[in-house]
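Please brief me on this structure. Keep to fold, packing and contacts.

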Amino acid sequence: MTDIAVPVDPREFDSPEFQRDPFPVYRRLRDNDPIYHDRFHNRWVLTRYEDVDAAFQDNESFDRAVYDPDGPYEFGSSHVFGPNILEYGNSDRHRWLRNIVANQFVGKGLTEFIPIIEQIAAELIDKVSDDKRIELVEAVSTQFPIRVISNMLGLPREDEDTFVGWYQALIAGLGFGGEHLARGIAARNEMWSYLDPLIDDRRRVHHDDLLGRIVEAELDGVRMSDDEVKGFIALLLAAGGDTTDKAIANMWFHMLYTRPDQFEDVKRDPALWDNVFAEMMRYDAVVHIQTRYTTREVPMRGKVIPERAQVRLYLGAGNRDERVFADPDTFDIHRTDMHMGRENRSGRYRSQLPGHLGFGIGQHFCMGYAMARQEAVIASAKLLEMMGDPRPTVADHEGIISPSIDSGGFRTPRELWIEWD
Amino acid sequence: MRVQIDLDACILAGECIYNHPALFGWDEHDQPVALVPELTADQVGAVEQAISVCPSGAIALVD
């Protein structure tokens, strides 16, 4: 049944061309081999929207972790984050860990925090308003979400600059590996020493902040160890910062270079930043893959994925599925065949329209989805308001890249120079 | 106490179901449904948590 018209060579996943433009490979996989067994990397690759969605929804067959979640586990020996919530698979412990912090990132908790997000955005933009020319990634986007999350945690504001440094080393270690990994682990250790007294303090005295809440949380009367608290914080700093800062840069890249015509619409109606966010998450999301492990044999489209197999859910490919979205390779903020508003963890909407897959779906749907959107939209709107009529400084741009899609390297422009009058 | 879900307000976010699968589920029409008719004290705490992560404010505790 599978017509492999143009077979995919698994080494293509490791090629520089794939990191720059993976979309032709995605299309060949969707068309010719949607349940692809990559024997070279020993994993399975899902690329159609329907299949990626189904795997996200099916926690009984697809687990985030490969080991027994109730079994023994050596914590974070080589992981930049140290022990963290993402390693707990589909277990109750994962849900418990998420519930400790989840209501800070959605609903009322987030609404109450929005004035602080606005204040931090205003401070950063104020700093650059006289420059008339900035490199967005360094001047704004890598600065903003990390300051928001450290504020939310309750870390002292005077230490924010130090945190930005540690944070940058952490995410470089995560994205690039090698010597960056060593620097990332060194930054993690410095951060951990710094956090010790702050954690101690919260073990003794109640603090009404996120760090206090993490320290005080109990499961069956047991609190997290210091290492678990730190792993949690490192994850929040990196996951709550890195993805969002790259989302902001990607939105601006698409407005400046991909659709300058639609940027004019946004300048007239800043509420459209919400649409820019949604379409960016579909067209070329910051993260393109999520990994799952099968808990049993899974039959799909006439093939059988064996038990304990690694499965790559290519949400970046599902988002370009022509079976779901018209003209999937066109960036269009006025799209009528996709839910453009706020995302749902369920991936289901009252409108019956499909949503983008950029945050995943279901059990491991991005915890910070609502906050990420708020941050990206608030910062972008304020920045545009300050600039008025911004334009790219250079006509040619190398485009959105990633160090390595398969090792979780996030897709983003290296630099983004903008000027205004 | 028991759970009340306002289906007109609900946007199908699914937060309650994924965070508290023992208490909330999907019915045959893919609408959220409370799975436990009468809540224990522990379950009330869990429902309060579900209320706090519900983005549409569709969940309530009633006597």
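The briefing below goes from the whole of a chain to its parts.

This is a predicted model, in which local features need pLDDT of at least 70, side-chain atom pairs count only at pLDDT 80 or more, and totals for chains, interfaces and linings use all residues. Residues are numbered from 1 along each chain as its sequence is written, while chains are lettered from A and ligands numbered from 1 in the order in which they are written.

**Chain A overall**

- Chain A has 15 helices and 12 strands. Helices (H or I, at least four residues) and strands (E, at least two) are DSSP runs, numbered from the N terminus.
- The radius of gyration of chain A is 21 Å, close to the 22 Å from the globule rule for 421 residues, so chain A is as compact as a globular protein of that length. The radius is taken over C-alpha atoms, and the rule is 2.2 Å times the number of residues to the power 0.38.
- Along the principal axes, the C-alpha atoms of chain A fill a box of roughly 65 × 60 × 45 Å.
- Of the 421 residues, 47% count as buried. Buried means 20 or more other C-beta atoms within 10 Å of a residue's own, exposed means 12 or fewer, and partly exposed lies in between; C-beta atoms are placed from the backbone.
- Among contacts in chain A with a separation of 6 or more, 69% link residues 24 or more positions apart. A contact needs C-beta atoms, placed from the backbone, within 7 Å.

**Helix 4 of chain A**

- Helix 4 (residues 92-105) has 14 residues and reaches 20 Å from its first C-alpha to its last, close to the 20 Å expected at 1.5 Å a residue. The expected span is 1.5 Å times one less than the number of residues.
- A kink of about 40 degrees is centred on A:N99. The bend is the angle between axes fitted to the seven residues ending at a residue and the seven starting there.
- Buried residues of helix 4 include A:L97, A:I100 and A:F105.
- Those buried residues pack against helix 5 (107-128), helix 7 (144-153), helix 10 (210-216) and helix 15 (369-387) of chain A, together with helix 1 and helix 2 of chain B.
- Just after helix 4, A:G107 takes a positive phi of about 60 degrees.

**Contact between the chains**

- The contact takes 17 residues from chain A and 13 residues from chain B.
- On chain B, helix 1 (15-19) and helix 2 (41-53) each supply at least two residues of the side that touches chain A.

**Positive phi outside glycine**

- A:K132 is not a glycine, yet has a positive phi of about 65 degrees. A:K132 is in the loop between helix 5 and strand 4 (133-135) of chain A, and is exposed, with 12 other C-beta atoms within 10 Å.
- A:Q352, also not a glycine, has a positive phi of about 70 degrees. A:Q352 is in the loop between helix 14 (315-318) and helix 15 of chain A, and counts as exposed with 7 C-beta neighbours inside 10 Å.

**Sheets of chain A**

- An open sheet of 5 strands runs in the order 1-2-10-7-3, with mixed pairing. Pairing requires at least two DSSP bridges between two strands.
- Strand 3 and strand 7 (residues 289-294) pair in the antiparallel sense over 2 bridges. A:D63 stands opposite A:Y293 in strand 7.
- An open sheet of 3 strands has the order 4-12-11, with antiparallel pairing.
- In strand 12, A:I418 is the bridge partner of A:P392.

Technical notes
Contact = placed C-beta atoms within 7 Å.
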